[in-house]
Amino acid sequence: MGPPYGFIASPSVLLAQRINRKMTWIVEQDRTWAEWAALRILRVGPVPNHLAIIMDGNRRFARKEHKDALAGHTRGFHKLTEVLCWCRDLGINEVTAYAFSIENFKRSKQEVDGLMDLAAEKFAKLLEEKEKLEKHGVCIRVIGDLNLLPQRIKKLTGEAILATRHNTKCFLNLALAYTSRDEICSAMNELSQGVAEGQLMTSDISEELLEKCLHTRGSRDPDLLVRTSGEVRLSDFLLWQSGFSCLFFTKVLWPEFTIWHLFGAVFYYQRHYHTLTAARQECLALRQCMVEESDIECCHTKYGDKVSQEHIGAHASARKERIENFLAKLHEQKLYYLQQISNTSD
């Protein structure tokens, strides 16, 4: 939807709205006619379904403004809520934001404590806005090793995930206490445990199954990954998932990121869309061939030259059933864990 007929929001009015708005997870903004025109043009082409963001530059912004680091991180949070609003207008229905890396625990105690206090404040506000989140269909997910977080943050994240898990219009994934290497190690541990307990066979393990054991299970891979502040690296963020993502690096600091920077990133994605889509489809086709070849090899090992299509079909069906049962158990364990941490006292 565009602005009401005859209504033009001036840049000064928009700036006032963006600076003086109340702290909220659901931001409503008016658009200038130029912004609406750009939105409509971009919507003609392919728009990414899933945007991943490395929100870099909060501390440099704070130094630039002669403020403490926490002030920069607070501005960074407000910028995220703005970006979520822009994504809704564009039609991007999933956003994954790198909020706090496991490596960030190495920063000064004062900064880490400040970040944890900020996270507690924002999650508490999120729970206050449950009805608004439900109205907009926003599902909150938190990816990372929650056991590394303070008890109060664990409790709030568990409550937020459970409170919004049935919302399906748009998704916000917050990476807290996260690194991709830790995520992949965790997935491999779950798979090895599944084999040790007899839930899986070693031949069941594939790239597709490993993906379904990552923290991001249930999400599609990001179509577009944006990093601000001029750094050209992924910093251990979604390394597995971003193999066929469009990577866009910009020098602007995260708190100074504007809707026009997002438009530029989406336009860059559109220019590379067909190449990335073809590469992804080729990879998926190759992956499927590898699974089929593995089924045939297992059947040849068991039946020798007498292997038939019926044998292969039966083996594939049994494999799929084992995997479905294994993943269902993982889902139950995760749900139980979230319920446990949500019910603990602060």
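How do the residues of the lining of the largest cavity divide into nonpolar, polar and charged? They divide into twelve nonpolar, one polar and two charged. Here Ala, Val, Leu, Ile, Met, Phe, Trp, Tyr, Cys and Pro count as nonpolar, Asp, Glu, Lys and Arg as charged, and the others, Gly among them, as polar.

This is a predicted model, in which local features need pLDDT of at least 70 and side-chain atom pairs count only at pLDDT 80 or more, while totals for chains, interfaces and linings use all residues. Residues are numbered from 1 along each chain as its sequence is written, and side-chain values use heavy atoms, with hydrogens and water left out.

**Cavities**

- A cavity is a set of points, on a 1 Å grid over the protein atoms alone, where a 1.4 Å probe fits but cannot get out. Lining residues have an atom within 4 Å of a point.
- Grid points are joined across faces, edges and corners, and a volume is the space filled by probe spheres set on the points.
- There are two cavities of 30 Å³ or more.
- The largest cavity has a volume of about 140 Å³.
- Its lining has 15 residues, and Leu84, Arg88, Val138, Cys170 and Leu172 lie nearest the centre.
- At least two lining residues of the largest cavity come from each of helix H4 (69-90), strand E2 (94-101), strand E3 (138-143) and strand E4 (170-178). Helices (H or I, at least four residues) and strands (E, at least two) are DSSP runs, numbered from the N terminus.
- The second largest cavity holds about 30 Å³ of space.
- His50, Thr96, Thr216, Ser219, Arg220, Asp221, Pro222, Leu238 and Gln241 form the lining of the second largest cavity. By class these are two nonpolar, five polar and two charged.

**Pockets**

- A pocket is an open set of points with protein on both sides within 12 Å along at least five of seven lines.
- The largest pocket has a volume of about 1100 Å³.
- Its lining counts 41 residues, with His215, Arg217, Leu330, Lys334 and Leu335 nearest the centre.
- E3, E4, helix H8 (180-196) and helix H11 (309-342) each give two or more residues to the lining of the largest pocket. H11 has the largest share, ten residues.
- The lining of the largest pocket has 14 nonpolar, 17 polar and ten charged residues.
- The second largest pocket contains about 830 Å³ of space.
- It is lined by 35 residues, and Met55, Tyr98, Ala99, Phe100 and Asn104 are the closest to its centre.
- Helix H3 (58-64), H4, E2, H5 and E4 each give two or more residues to the lining of the second largest pocket. H5 gives the most, with six residues.
- The lining of the second largest pocket has 16 nonpolar, eight polar and eleven charged residues.

**Helices H4 and H5**

- The axes of H4 and helix H5 (residues 109-128) come within 10 Å and cross at roughly 30°. Axes are lines fitted to C-alpha atoms, for helices over the stretch in contact, and angles run from 0 to 180 degrees between N-to-C directions.
- H4 and H5 are therefore roughly parallel to each other, a term for angles under 35 degrees.
- The crossing of H4 past H5 is right-handed, with the near helix turned clockwise from the far one by less than a right angle.

**Methionine 290**

- Methionine 290 sits in helix H10 (residues 259-303).
- Methionine 290 is partly exposed, at a relative accessible area of 45%. Partly exposed lies between buried (under 20%) and exposed (over 50%), with a 1.4 Å probe and protein chains only.

How values were computed: Angles under 35 degrees count as roughly parallel, over 145 as roughly antiparallel, 65 to 115 as roughly perpendicular and the rest as oblique.
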